[in-house]
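Subject: Structure handover

Hi,

Here is the structure I promised to pass on. Please open it first; my notes follow.

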Amino acid sequence: MSGKLITFEGPEGSGKSTQIRLLAEKLEGQGIEVLCTREPGGTATGEQIRNLLQHDAAGEPLADRAELLLFTASRAQLMDRVILPAVERGGWVLCDRFIDSTMAYQGFARGMDLATLDAINTFAIYERKPDLTLLLDLDIEAGFGRLEERYSDSEESHDRFEREAREFHHRVRDGYRKLADREPARFRVVDAHRTIDAVEAAVWSAVKEALL
Ligand SMILES: Nc1ncnc2c1ncn2[C@@H]1O[C@H](COP(=O)(O)OP(=O)(O)OP(=O)(O)O)[C@@H](O)[C@H]1O
Ligand SMILES: [Mg+2]
């Protein structure tokens, strides 16, 4: 039996990591084998790439194309080492960001050519698109407000993307909504302005309706 790949997308602070955790618990309660992972990262190689991408670890500005290809390298590694093996043994993989982040951030926000990005994404994932993509849609200011709270009680600091101008993040949010309009069979848009419990309930009904 083949498993499922569910991806979570959305702007900064929209609740992706929170909701992945909650959904994983619910699915495990149904006796499903669940694996949670994230992009960039999820493999030893991918986590090193994540460090380069999020925190300028190499100490020099990244060319947009280099940024794109680093994300893609992390994705290809995650696909071969983690996602495909898990799905092939019947597991459900929940992934925090995936191909649509490339379209939203490098495409709609940075302005790189969408058709090129689509081809590069396809190359990285062998056309194995997610079975379901949950877009947590949230106002940019609300998302940054939540992050400030999260940072106030941790060592974490703003990453390279969070330091981009607000206009950049508005293009990300609008881009995501366009992607969802283009592929309504794969996407479910969840209004993430509500409480954690209300968003959790909306995610669960989307998953049940689409996959269970
Ligand atoms: N529905 C909600 N209402 C209020 N606060 C929330 C809600 N969902 C998550 N939070 C809080 O907002 C912060 C950001 O949530 P979370 O880390 O899950 O978002 P994210 O989308 O994973 O963010 P990032 O883009 O930084 O990875 C956390 O402190 C979390 O506890
Ligand atoms: Mg997160």
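Ligand 1 comes first. By class, the shell around ligand 1 holds three nonpolar, seven polar and five charged residues. The model is predicted, so please read all of this as such.

In total, 15 residues surround ligand 1. G15, S17, T18, R146 and R150 are the closest. Helix 1 (16–29), helix 6 (140–152) and helix 8 (196–211) each give two or more residues to the shell. Helix 6 has the largest share, with four residues.

Next, helix 4. It spans residues 99–109 and is mostly covered, with 11 of its 11 residues buried. That list runs I99, D100, S101, T102, M103, A104, Y105, Q106, G107, F108 and A109. The cover includes strand 1 (4–9) and strand 4 (132–137). It also includes helix 3 (64–88), helix 5 (114–125) and helix 7 (166–182). After helix 4 comes G111, with a positive phi near 90 degrees.

The packing of helix 4 on helix 7 is worth a look on screen. Their axes come within 8 Å and cross at roughly 130 degrees. Helix 4 is therefore oblique to helix 7. The crossing is right-handed.

From helix 4, the contact uses D100, M103, A104, Y105, G107, F108 and A109. Helix 7 meets them with F168, R171, V172, D174, G175, Y176 and L179. By class, that contact has nine nonpolar, two polar and three charged residues.

Best wishes

Conventions: Residues numbered from 1 in each chain as written. Chains lettered and ligands numbered in written order. Predicted model: local features only at pLDDT ≥ 70, side-chain atom pairs only at ≥ 80, totals over all residues. Buried ≥ 20, exposed ≤ 12 C-beta atoms within 10 Å, placed from the backbone. Contact = placed C-beta atoms within 7 Å. Near = placed C-beta within 6 Å. Nonpolar A, V, L, I, M, F, W, Y, C, P; charged D, E, K, R; others polar. Axes fitted to C-alpha atoms, helices over the stretch in contact; angles between N-to-C directions. Parallel < 35°, antiparallel > 145°, perpendicular 65-115°, else oblique. Left-handed = near helix turned anticlockwise from the far one by under 90°.
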